[in-house]
Amino acid sequence: MNKSRQFTIILLLGTVLLWGAGEVSAKSQPNVYNQVNDAVRAHSEGNLRLAEDLYTRIINSGKLNDDPKILAYLHNNRAVIMMQREEPGRAIMDLDRALELYPEPSAFYNRALLLADSGDKEKALADLNKAIELQPNYGNALERRGRLLLEMGRRAEARDDLEKAKKSRFKIAFLGQGDLMPFEAPAPASGMRVD
């Protein structure tokens, strides 16, 4: 994997990531959505071992089996950790699962990065096309597709994508590798704590 690649994490307005004070521990959080918040917090703070452990525990708990969007989110974010560790095989497996559960632009984008790195430009292009179809103003996907099209000798298409990427209002902060899916916790039932 190209170490000079700029890495990305999606930070969207409206993403619900409310952090409680104190030590991050899945055991201390009775609500699975609080555990998801703990995992995302650990991930954003660079504690990849804890984040991966929390993502895995939540996935394996079965508590979110009725929420495919959140399960896809967890698989995508765990794949980002694998991408950061340069473990593309494990990352692809999580991204495939994420896309089976809930086709989301960042999972297509992340898988496209891995496919392009492995030399499978056609499949990478197909995934970038899907990401952009789902989110037409996805600046990172437009930029990556433009660069990929340049590599493939398709200059006119590449120029269009690169221009659109420059104008895109959906730009992502360059902080880590891969794009994390935004997490929106469901509205809590009365008496449930979501912090």
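Helices here are DSSP runs of H or I with at least four residues, strands are runs of E with at least two, and both are numbered from the N terminus. The model is a predicted one, in which local features need pLDDT of at least 70 and side-chain atom pairs count only at pLDDT 80 or more, while totals for chains, interfaces and linings use all residues. Residues are numbered from 1 along each chain as its sequence is written, and side-chain values use heavy atoms, with hydrogens and water left out.

A helix to begin with is α2, residues 48-61. Its 14 residues reach 20 Å from the first C-alpha to the last, close to the 20 Å expected at 1.5 Å a residue, where the expected span is 1.5 Å times one less than the number of residues. Residues A51, E52, L54, Y55, I58 and I59 of α2 are buried, a term that stands for under 20% relative accessible area, with exposed meaning over 50% and partly exposed the range in between, for a 1.4 Å probe and protein chains only. Seen down the axis of α2, these buried residues fall within an arc of 165 degrees, so they line one face of the helix; the arc is that of the directions from the helix axis to the C-beta atoms. The cover over this buried side includes α1 (32-44), α3 (68-84) and α4, with contact taken as heavy atoms within 4.5 Å. The face turned away from the buried side carries the exposed residues R49 and N60, and just after α2 comes G62, which takes a positive phi of about 80 degrees.

Charged pairs come next. Side chains of opposite charge can pair when their charged atoms come close. A salt bridge is counted when a side-chain nitrogen of Lys or Arg lies within 4 Å of a carboxyl oxygen of Asp or Glu, and by this rule the count comes to 16 salt bridges. One of them joins D53 to R57, with the closest N and O atoms 2.5 Å apart; both residues lie in α2, four residues apart, about one turn of the helix. D53 is partly exposed at 34% relative accessible area, and R57 is partly exposed at 35%.

In helix α4 (residues 88-101), E100 and R97 lie three residues apart, about one turn of the helix, and their side chains meet in a salt bridge of 3.1 Å, N to O. Here E100 is exposed, at 58%, whereas R97 counts as partly exposed, at 35%. Salt bridges that share partners also join E52, R85, E87 and R90 into one network.

The buried residues of α6 are A124, L125, D127, L128, A131 and I132, and they fall within an arc of 165 degrees seen down the helix axis, so they line one face. What covers them includes α5 (105-117) and α7 (139-151), while E122, K123 and E133 are exposed on the other side of α6. K123 also forms a salt bridge with D120, the closest N and O atoms being 3.9 Å apart.
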